[in-house]
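My entries follow in the order I made them.

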Amino acid sequence: MEKVNGIEIMTSVKWKCPSNIAIVKYWGKKANQIPCNSSLSLTLAHACTETEVSLSAKSSDGVIELDYFFEGSKNEMFGARVEKYLAANIESFPFLRENALTIQSSNNFPHSAGIASSASAFGAIALALLDLRYQDAERPSQEIFLREASHIARLASGSACRSIFPDYALWGENARVPNSSNLHAIPVTEIHEEFEGMNDTILVIEDEPKKVSSSAGHSLMQEHPYAFERFRQANDRVRYLVDILKNGDISAFIEICESEALTLHAMMMTSKNYYLLMKAHTIDVIEKIFDFRSETKIPVAFTLDAGPNVHLLYPKKYRESVQEFVQMELAEMCKGVIHDHAGRGPMKMNN
Ligand code: PMV
């Protein structure tokens, strides 16, 4: 038997899962990670988490016995979050009653770079756990396997459920989108060539961990004065965006993408406990993007996550001109620049 950190391993699997950036944002949730509105995202290619999950004999009678390592070191804080999630979902993973678990995880992108690390981290954990579950049971079709992985990932981190699918993914029930569900994401597969291989250049404005967590932000939507209208708007936009991705209307894409970023931050600024995550350079960069677009007519859109960093989304044929603009005009306002693009989704790795 192989040994990892001195523990005899019975079996292990390794998965690589990408992060994603939402174009229409999920902001506000109900119990059991049910979103208040549907959302639609782009899955990235390079920004990934690689996770190896190994099973060994249990040495205590605790419900979950877990050792969680991040980039080679024990990470008690994230480990406690994973443990809580596993204990709450033990029915889905009965083998955790008899086995201890070692999780070794690493990201190929820097911390606090404006890339959702919980999406890729929990996506990879969900895929690995499901893979282990099917070592002793008949494996379903790939379509069902991915849907189940998306469901399991959602229970840990809502946006993680979208990372299971390549290119574009939609999560949340939307009356106008057949097969959409609150329980798992679905792939959006009818994509005009304008939006194939979409680029995402991430401008790292601040690399400190953010002061208000996404969970706190979601809960502030519960009594938000604009919540009802916001959820309605997001559902409408998801429906439009599905059509836009089909018909290639890049101007309509830019309008939804940028308004979504500003609306997300407007929700934070107008919550009862209001707060601001944008920094001065976030605004400076956005203004430069407006100027660049109006001077060159190059269709580049910005979006923001729940943080100060800016994502630039643009079709692949404008790669050179946008990256030159970033280098010449924006890089000096940033702590880092990461060029990524639409990716093919998760992958099982050889151990
Ligand atoms: O999945 P969570 O709970 O980390 O929330 C993600 C929220 C946003 O990133 C701001 C939007 C989204 O849809 O990903």
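**Entry 1: α1 against α2**

I began with the contact in which F78, R81, V82, Y85 and L86 of α1 meet S118, A121, F122, I125 and L129 of α2. By class, I have eight nonpolar residues, one polar and one charged in the contact of α1 with α2. I note here that the model is predicted.

I then looked up the geometry. Helix α1 covers residues 76-88 and helix α2 covers residues 117-133; their axes come within 13 Å and cross at roughly 45°. That angle makes α1 oblique to α2. I recorded the crossing of α1 and α2 as right-handed.

**Entry 2: T49**

T49 is found in strand β6, residues 39-57. Is T49 buried or exposed? I have T49 at 0% relative accessibility, so T49 counts as buried. I also checked T49 against L312: the two are 263 residues apart along the chain, and their C-alpha atoms are separated by 22 Å.

**Entry 3: α5 against α6**

Next I took helix α5 (residues 227-247) and helix α6 (residues 250-269). They pack at an angle of about 155°, with their axes 10 Å apart. I therefore noted α5 as roughly antiparallel to α6. The crossing in which α5 passes α6 is left-handed.

Which residues make the contact? From α5 I listed R230, Q233, R237, Y240, L241, I244 and L245, and from α6 A252, F253, I256, S259, E260, T263 and M267. Sorted by class, the contact of α5 with α6 has eight nonpolar, three polar and three charged residues.

**Entry 4: α8 and its two faces**

I looked up which residues of helix α8 (residues 319-330) are buried, and found V322, Q323, F325, V326 and L330. Seen down the axis of α8, these buried residues fall within an arc of 155°, so they line one face of the helix. For the reasoning I kept one general point beside this: an α-helix has 3.6 residues a turn, so residues three or four places apart point the same way.

What does the face of α8 turned away from the buried side carry? I found the exposed residues E320, E324, Q327 and M328 there. I then asked what covers the buried residues of α8. The cover includes β12 (199-204), α7 (280-296), β14 (310-314) and β15 (336-341).

**Entry 5: α7 against α8**

α7 and α8 pack at an angle of about 135°, and their axes are 12 Å apart. The two helices are therefore oblique to each other. I recorded a right-handed crossing where α7 passes α8.

The contact is made by V285, K288, I289 and F292 of α7 and by S321, V322, F325, E329 and L330 of α8. I count the classes in the contact of α7 with α8 as six nonpolar, one polar and two charged residues. V322, F325 and L330 are also among the buried residues of α8.

**Entry 6: L304**

L304 is found in strand β13, residues 301-304. I have L304 as buried, with a relative accessible area of 0%. What does L304 touch? Not counting residues up to four places away in sequence, I listed K25, A261, L264, H265, M278, T282, I286, N309 and V310. I also looked up the spacing of L304 and A22: 282 residues apart in sequence, and 8.6 Å apart in space, C-alpha to C-alpha.

Q33 is not a glycine, yet has a positive phi of about 55°. Q33 lies in the loop between β4 (29-30) and β5 (34-35). At 13% relative accessibility, I put Q33 down as buried, the cut-off being under 20%.

E71 also has a positive phi, near 50°, in a residue other than glycine. I placed E71 in the loop between β7 (66-70) and β8 (73-74). E71 counts as partly exposed, at 38% relative accessibility.

Conventions:
Residues numbered from 1 in each chain as written. Predicted model: local features only at pLDDT ≥ 70, side-chain atom pairs only at ≥ 80, totals over all residues. Heavy atoms only, no water. Buried < 20%, exposed > 50% of the residue type's maximum accessible area, 1.4 Å probe, protein only. Helix = DSSP H or I, 4+ residues; strand = E, 2+ residues; numbered from the N terminus. Arc of directions from axis to C-beta. Contact = heavy atoms within 4.5 Å. Axes fitted to C-alpha atoms, helices over the stretch in contact; angles between N-to-C directions. Parallel < 35°, antiparallel > 145°, perpendicular 65-115°, else oblique. Left-handed = near helix turned anticlockwise from the far one by under 90°. Nonpolar A, V, L, I, M, F, W, Y, C, P; charged D, E, K, R; others polar.
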